Amino acid sequence: MKRKIVTKIVVCLFLTALAFGVYQCQGRGAKITEDSIVRVGRTILDDDTFKAFQGAVRAYPAALPHYFPGQRQLVSFMVESEAVYQYASAEARAKVRAVHESMESSLDWKWKKRFYASILFREHLRTNLEFTDAELKAHYKSNPEAYRTIVTDMSGNPHRDASGRRTDSTFIPAFEDIKRRVANNLFYEKYKPDSAFLTMLRQQFHASHLDSAAIRAHWIRSVSSVPAASHFYTRRFFYEQTGEVYNEDEQQLLGDYRPLSQDDLEVIRSWLPEGHPDGRGGMPARELLEYLYQWKVFAERAEKMRLTSGPEHKNTLHWAMRIEFALSYLNEAVLPDSEPEFSSADTTLAELIRSDQTRPRSISHELDNIGRIRVGAVVDSAMHAIRRRVGVTFFRDDPEYSDHRDGNPVALFAEADSLKEAALTLSDDAAKAVMDEAERLFRILATYFAFTDEGRKAMGELASMQLEKFSVEEQNWQFSTAIDLYRRAQILETDIEDLCGHHFLVGFAYEEYRENLSAAEANYKWILRHAPNCTLASDAEFVIQNLGEPMMSIEEIRGQSLRQGRKVDFEEEPASNEGGGAN
């Protein structure tokens with residue numbers, strides 16, 4: 001487990017960075033083609049752009065924050081990274097330059113560039129080991145007989161003529177077909193097995209003597225995989241640079257007159273996910289330093305071999321810089337500098353959320369989650385405004401290459417509400433199809449527009465739909481989903497009357513569908529404790545006093561309130577007692 005996080009960063013992602021195409025920004029005024037995906041401002045992004053962005057994201061070495069990209073599709077992440085840059089450039093070009101200069105001069109970006117460059121050399125090891133194509137071709141041409149191969153049949157047996165006699169026909173394979181074989185031979189010529197390796201072999205095979213062919217085969221096999229070759233060359237380059245054999249001592253890597261500094265170590269620690277022990281009982285500092293040193297020397301070798309001069313690498317860095325810029329903009333211009341402050345109402349809400357769970361988490365965890373949801377909504381709101389200002393137009397209906405984040409939430413809610421009303425007048429089958437479409441639109445609002453009134457109202461609508469389904473099908477997940485939707489609306493709601501309505505409906509759901517009177521009472525009491533002046537306060541008090549008695553429907557409560565001269569506005573009424581079964 002201790003190697004899990006960095007292994008994911010270093011090993012798995014190394015293998016994907018070069019698997020994607022070349023970034024191509026068709027630019028301003030470009031024509032739309034069948035490869036075009038989206039226009040951001042006056043810039044058209046196409047399939048090659050998307051592949052390049054995909055590579056940059058998959059190889060991005062630092063843990064990305066929860067709020068960006070969050071739950072965004074990859075295409076949305078790409079669009080918004082580009083949109084933020086264009087928006088900021090239009091607002092303050094000089095400031096954009098300053099931010100760029102600051103990022104490019106930072107130690108963090110210096111290490112990210114090294115990381116991306118090191119990927120190139122690590123991938124190069126797969127076919128060439130440390131050697132260039134020119135070096136391998138020279139060895140291949142000067143030693144042709146070393147590669148002469150006997151012609152075999154499909155089973156790998158020597159070819160025979162019609163009489164069954166071996167013909168032993170031979171040929172010399174093309175260079176590209178045996179490049180790694182040439183690299184192995186050149187490797188063996190340059191590096192001979194050391195005494196430690198020979199001792200290990202003898203112990204492994206319990207033999208005092210091994211023939212040269214066996215030793216050669218095992219020596220080459222020791223660098224046959226990319227991780228094994230990386231291990232070998234990291235130590236080899238350390239020896240070449242320092243004249244020392246690396247003995248897995250962190251003092252050989254860290255300190256004055258050593259390859260790495262404490263500041264370098266802090267960079268990789270800042271990349272680890274929040275809460276990771278970063279060496280204190282988890283990944284030891286020595287192993288983090290080894291990764292840093294490998295990135296450093298591999299990046300240097302990639303530069304020397306001009307592996308970093310290709311368009312794929314430049315486009316990867318282009319999109320990595322766009323991501324960096326977007327994160328910097330959000331941190332400086334959108335998000336607050338201080339930690340979120342929680343009210344007593346938030347603490348009580350966290351306690352209620354905790355009581356909803358089968359396996360309750362801590363109050364502090366729930367408060368952190370409340371803060372994260374609110375920060376995410378702030379970012380979504382800012383991104384929505386930026387997208388509308390810059391202009392985003394998708395060219396495909398494919399959900400992988402489009403999103404719903406540029407819609408009009410007021411119009412979407414009106415359409416969904418209209419469909420819901422229309423379904424009441426239709427036959428069962430037709431009504432279901434219409435309600436499914438209404439639910440789809442409400443879900444778009446709840447997912448992408450949670451920062452709007454319409455998004456929060458849509459959460460209430462979806463919760464009501466789930467409770468209605470639960471009253472018939474009695475699937476536990478339907479009830480849990482409804483409560484989760486109400487809770488998310490409560491976390492984001494800014495209108496005290498709507499907030500009271502959500503709490504009242506949660507209490508109603510627990511009493512009506514679960515017969516859980518203590519949970520119902522706790523939700524009703526939130527209203528009395530934190531919003532005693534809201535229009536539902538007296539109703540909440542009345543319901544608490546009559547818990548366990550036949551529950552009045554929402555219509556009955558509304559009628560009673562109107563008779564008392566009070567206005568009560570529910571977003572949606574839950575299923576009544578008629579036909580509703582508690583579980």
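Reply: Buried means under 20% relative accessible area, exposed means over 50%, and partly exposed lies in between, with a 1.4 Å probe and protein chains only. Helices (H or I, at least four residues) and strands (E, at least two) are DSSP runs, numbered from the N terminus. This is a predicted model, where local features need pLDDT of at least 70, side-chain atom pairs count only at pLDDT 80 or more, and totals for chains, interfaces and linings use all residues. Residues are numbered from 1 along each chain as its sequence is written, and side-chain values use heavy atoms, leaving out hydrogens and water.

Me: Which residues of strand S3 point one way, and which the other?
Reply: In a regular strand, side chains alternate between the two faces of the sheet. Strand S3 covers residues 43-46, and its four named residues are all buried. Thr43 and Leu45 point one way; the other way point Ile44 and Asp46.

Me: Which residue in the hairpin of S2 and S3 takes a positive phi?
Reply: Strand S2 (residues 36-40) runs antiparallel to S3, joined by four bridges; DSSP must find at least two bridges for strands to pair. Val40 has Thr43 as its bridge partner in S3. Two residues lie between the strands, and the one with a positive phi, near 65°, is Gly41.

Me: How many residues apart in sequence are the parts tied together by Trp271 and Trp295?
Reply: Rings of Phe, Tyr and Trp (its six-membered ring) pair if their centres lie within 6.5 Å; planes under 30 degrees apart count as stacked, over 60 as edge-to-face and the rest as tilted. The structure holds 32 aromatic pairs. Trp271 and Trp295 form a stacked one, with 5.8 Å centre to centre and 25° between the planes. Trp271 lies in helix H11 (residues 262-271) and Trp295 in helix H12 (residues 285-304), so the pair ties together parts whose separation in sequence is 24 residues.

Me: Which residue lies over the face of Tyr85?
Reply: A charge sits over a ring if NZ of Lys or CZ of Arg is within 6 Å of the ring centre and within 35 degrees of the ring normal. One case is Arg216, whose charged end sits over the ring of Tyr188, 5.1 Å from its centre. Over Tyr85, at 3.7 Å from the ring centre, lies Arg322.

Me: Is Glu439 buried or exposed?
Reply: Glu439 belongs to helix H17 (residues 428-448). Setting aside neighbours within four places in sequence, Glu439 is in contact (heavy atoms within 4.5 Å) with Leu462, Met465, Gln466 and Lys469. Its relative accessibility is 11%, so Glu439 counts as buried.

Me: Where does Pro69 lie?
Reply: A cis peptide bond joins Phe68 and Pro69, with omega about 15°. Pro69 lies in the loop between helix H2 (47-58) and helix H3 (74-91).

Me: Is Tyr257 buried or exposed?
Reply: Tyr257 has a positive phi near 60°, in a residue other than glycine. Its place is the loop between helix H10 (226-242) and H11. The relative accessible area of Tyr257 is 84%, so Tyr257 is exposed.

Me: How many disulfides does the structure hold?
Reply: A disulfide is a pair of cysteine sulfur atoms within 2.5 Å. Cys500 is buried, at 0% relative accessible area, and Cys534 is buried at 7%. The count of disulfides in the structure is zero.
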